[in-house]
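This briefing covers selected features of one protein model, grouped by topic. Each group can be followed with the coordinates open.

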Amino acid sequence: MLSYTEQPNAVRRLMRFTLEWLNRLKGVDVILFFIVMLLKQLWFNKLIHVPNMDMDGYDTVVAIGTLALVTFWTFWLPTRGRIMALIVLNLLLSFIMYADLIYYRYFQDFISVPVLLQANQVDSLGESIGTLMHAKDFLLGVDWLLIIPFGVYVIWKGRSDLRRDSHGYGYGYSSMRKTPLWRKAVIRIAVSAAIFAIGMSMSIGNVNEAKKTWALGLFDGNWWNVSLYNVTGIVGFHGYDVYRYAKLHWIDSEQASAEETAEAMAWTEARGDKRQSLESDPTFGEYKGSNVIVVQMEAFQNFMIGKSVGGQEITPNLNKLVKESAYFSQFYHQTAQGRTSDADFLSNCSLQPMMSGSVFIQYPNHQYNCMTSTLKDNGYATAAFHAYEGGFWNRNTMYANMGYDTFYSKKNYEMDEPVGWSLGDNSFFRQSVDLMSKEQQPFYSFLITLSSHYPFTMPESEKKLNVGELDGTIMGDYLQAVHYVDASIGTFIDRLKAEGLWNNTIVAFYGDHDNSIRDWSLFETFLGQPLNDLQREMILKQVPFIVHLPDGKYAGTHTNVGGQLDVTPTILHLLGISTADMTLLGQPLLTSQPQSKLVVQRNGAFTDGTVYYMPSGDAVAENGKCWNIAANKLGDVQKCLGAVEDARTELSMSDQIVQHDLIASFRAAAVEASADGGEATAVNTSGAGK
């Protein structure tokens with residue numbers, strides 16, 4: 001018998017009792033794990049609160065099935081090993097859900113394998129992450145207060161306590177019955193196989209059924225990770241995402257088939273033919289030889305243009321510039337998870353971003369027809385300017401591939417005006433012009449601002465607006481940041497004029513993406529009106545696109561619809577550089593007769609300027625919404641369905657081009673056709689341009 005002093009304390013006695021109870025009632029630990037993790041998934045679903053995606057009976061069945069697939073192998077283990085495995089799984093899955101939650105609040109999507117390859121980006125979010133955390137998130141990990149200490153006990157004391165109990169001490173239940181090892185193994189294998197089979201039926205079986213019915217085509221198109229989550233659940237999504245990544249990069253990493261390549265080539269060639277037909281327009285080559293400066297403005301949204309607060313104009317300099325330039329009032333950002341890097345890729349290379357992750361991270365060494373390399377081939381000096389770490393978004397690697405002669409990153413700037421994430425835009429523009437003025441002309445300069453980056457932390461000395469009741473809110477901070485950036489742009493324009501660059505340079509400004517604010521009451525307070533779904537979508541997706549030409553021609557508001565894919569075709573068109581043989585998705589926006597086009601979003605939404613189609617979470621086209629833009633109300637969805645397939649084709653073709661490096665194949669085919677005397681007309685020259 002143990003002496004009194006050898007008896008465990010109350011906490012250890014409780015843990016010892018719990019361990020013995022779990023050891024005696026085989027499988028209870030797994031059942032508890034299922035209950036806890038299912039409750040966490042329900043709470044996770046409530047926290048993200050995606051419209052029309054609340055967990056129902058189907059989702060619960062799939063969730064249980066995926067948990068079965070995650071845990072079936074733990075039945076191979078003895079009691080202590082199984083308990084520890086379940087604790088580790090609890091910690092891991094809870095952490096993944098919490099990470100997804102934070103990521104969703106910022107990006108409106110979930111973490112995927114490609115995003116994990118960008119893990120170094122997270123460290124630089126800094127204060128942004130803190131603002132995305134809420135107290136109610138604690139419930140996703142509240143059980144850790146119990147299971148972590150219990151896990152420590154199981155590791156250090158559980159084995160000896162179980163041994164004592166098995167010899168008649170403590171609670172007297174023996175777990176050491178003389179059962180042959182082969183029989184134990186057979187039982188464990190049989191139980192594991194049964195759990196696995198049940199899990200397959202409840203999860204993959206139901207998902208496969210959904211793929212044939214209400215989720216038809218969803219997994220082929222992969223329009224949006226959140227739509228996949230609606231079918232698979234959060235645990236199932238990550239399982240599928242790992243499979244998807246492995247299939248793309250390891251299993252099916254070979255080149256696209258000849259048929260797929262030919263199809264993509266023909267499709268892009270048709271786009272090139274349309275651009276070529278516009279080369280007879282008077283605007284083609286009207287500004288041949290001009291310098292080009294493109295400014296990508298961080299989180300700068302279109303609803304800021306022309307607005308005032310407290311009797312002050314928020315963007316007085318841009319308001320003035322709009323009157324002197326071609327201003328596109330229905331211009332959309334088309335970014336996805338890559339955000340700023342997506343905007344960069346869209347605008348400079350005229351291809352859609354990846355649904356998950358960033359092209360800059362995933363495919364930085366593939367070949368593209370970017371404006372940078374095209375201008376470089378036409379005698380331009382090329383440089384990128386961004387006062388941040390050169391490795392962020394893998395820019396050092398990607399920019400070299402895109403054709404920049406020089407990339408001026410944070411190390412090239414004097415940090416004399418720290419604002420927000422890095423150097424303030426006022427100093428950034430001043431120092432950039434200092435560098436730019438030394439460039440050989442003609443030159444192409446691409447600048448990325450940063451001061452209006454979420455969460456919009458501005459020095460008190462730069463908060464010059466009276467934002468009234470929005471003071472102290474994230475929206476109030478955004479208005480202050482935008483006002484500061486606008487003032488910096490005004491100084492930038494003055495410097496370009498002083499350096500003699502303004503009158504021989506095409507200068508374009510566009511916003512990269514939305515401001516990540518999701519509290520619509522703040523927007524309604526600022527705008528002074530309630531907002532319906534269409535108005536919210538316009539706010540989220542529309543960014544300004546302003547093109548100032550050396551002689552100020554074509555100034556005024558242009559209402560033809562466009563997107564970031566159209567930036568490069570527009571600039572090259574004005575310079576008189578043909579894009580007929582290039583693999584670009586966009587088309588020129590500044591022509592004598594505005595052209596009709598479809599602006600496609602990564603999640604399958606699209607607009608032609610008259611209607612705006614919003615896909616449903618279940619990926620059934622008929623369940624989407626078709627808004628009449630002019631009337632600002634819902635219309636007949638049938639009016640949008642004819643373009644759904646066009647939108648999906650654009651996304652699919654772009655994905656094939658990027659993922660399979662098809663531009664390299666197009667170029668090789670063009671060279672081969674040229675060597676054969678041009679007989680292979682089927683491959684012609686689409687994508688042959690550099």
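Pro-455 sits in the loop between β10 and α19 (474-498) of this predicted model. A cis peptide bond joins Tyr-454 to Pro-455, with omega at about 10°.

**Backbone: cis peptide bonds and positive phi**

- Most residues other than glycine have a negative phi, and most peptide bonds are trans.
- Gln-441 and Pro-442 are also joined by a cis peptide bond, and its omega is about 0°.
- Pro-442 belongs to the loop between α18 (425-436) and β10 (443-448).
- Phe-456 is found in the loop between β10 and α19, the loop that holds Pro-455.
- The phi of Phe-456 is positive, near 65°, although the residue is not glycine.
- Is Phe-456 buried or exposed? Its relative accessibility is 1%, so Phe-456 counts as buried; the cut-off for buried is under 20%.
- Asn-394 is a further residue other than glycine with a positive phi, here near 60°.
- The loop that carries Asn-394 runs between β6 (381-385) and α17 (395-402).

**Disulfides**

- A disulfide is a covalent bond between the sulfur atoms of two cysteines.
- How many disulfides does a search of the whole structure find? The search finds 2.
- With bonded cysteines counted along the chain, the disulfides follow the pattern 1-2, 3-4.
- Cys-349 and Cys-370 form a disulfide in which the sulfur atoms are 2.0 Å apart.
- This pair links distant parts of the chain, 21 residues apart: Cys-349 is in helix α14 (residues 340-349), and Cys-370 is in the loop between α15 (359-362) and α16 (371-377).
- The torsion about the S-S bond of Cys-349 and Cys-370 is about 90°, so this disulfide is right-handed.
- Both Cys-349 and Cys-370 are buried.
- Cys-626 and Cys-640 form a disulfide with a sulfur-sulfur separation of 1.9 Å.
- Because Cys-626 lies in strand β18 (residues 625-628) and Cys-640 in helix α23 (residues 638-659), the pair ties together parts that are 14 residues apart in sequence.
- For Cys-626 and Cys-640 the torsion about the S-S bond is about 70°, so the disulfide is right-handed.
- Cys-626 has a relative accessibility of 3% and counts as buried.
- Cys-640, at 1% relative accessibility, also counts as buried.

- Rolling a probe the size of a water molecule over the atoms shows where empty space is left.
- The structure holds 2 cavities of 30 Å³ or more.
- The largest cavity has a volume of about 80 Å³.
- Which residues line the largest cavity? The lining consists of Gln-41, Asn-45, Met-53, Met-55, Asp-59, Ala-63, Tyr-229, Asn-230, Gly-233 and Ile-234.
- The largest share, 4 residues, comes from α11.
- Ile-234, one of the lining residues, has its C-alpha atom 9.1 Å from that of Ile-96.
- Along the chain, Ile-96 and Ile-234 are 138 residues apart.
- Ile-96 lies in helix α4 (residues 79-107).
- The relative accessible area of Ile-96 is 25%, which makes the residue partly exposed.

**Nonpolar surface patch**

- A nonpolar surface patch of about 760 Å² is made by Leu-14, Phe-17, Trp-21, Ile-31, Leu-32, Ile-35, Leu-39 and Leu-42.
- The patch draws at least two residues from each of α1 (10-24) and α2 (28-48).
- Which element gives the largest share of the nonpolar patch? That element is α2, with 5 residues.
- Leu-32, one of the patch residues, is found in helix α2.
- With a relative accessible area of 39%, Leu-32 is partly exposed; patch residues need over 30%, so Leu-32 passes that cut-off.

Definitions and conventions: Residues are numbered from 1 along each chain as its sequence is written. This is a predicted model: local features need pLDDT of at least 70, side-chain atom pairs count only at pLDDT 80 or more; totals for chains, interfaces and linings use all residues. Side-chain values use heavy atoms; hydrogens and water are left out. Patches are made of residues with over 30% relative accessible area and no salt bridge: like charges are joined within 9 Å, nonpolar side chains (Val, Leu, Ile, Met, Phe, Trp, Tyr) within 5 Å. Accessible areas come from the Shrake-Rupley method with a 1.4 Å probe; for residues, only the protein chains shown count as cover. A salt bridge is a side-chain nitrogen of Lys or Arg within 4 Å of a carboxyl oxygen of Asp or Glu. Buried means under 20% relative accessible area, exposed over 50%, partly exposed in between (1.4 Å probe, protein chains only). A disulfide is a pair of cysteine sulfur atoms within 2.5 Å. On a 1 Å grid over the protein atoms alone, a cavity is a set of points where a 1.4 Å probe fits but cannot get out, and a pocket is an open set with protein on both sides within 12 Å along at least five of seven lines; lining residues have an atom within 4 Å of a point. Grid points are joined across faces, edges and corners, and a volume is the space filled by probe spheres set on the points.
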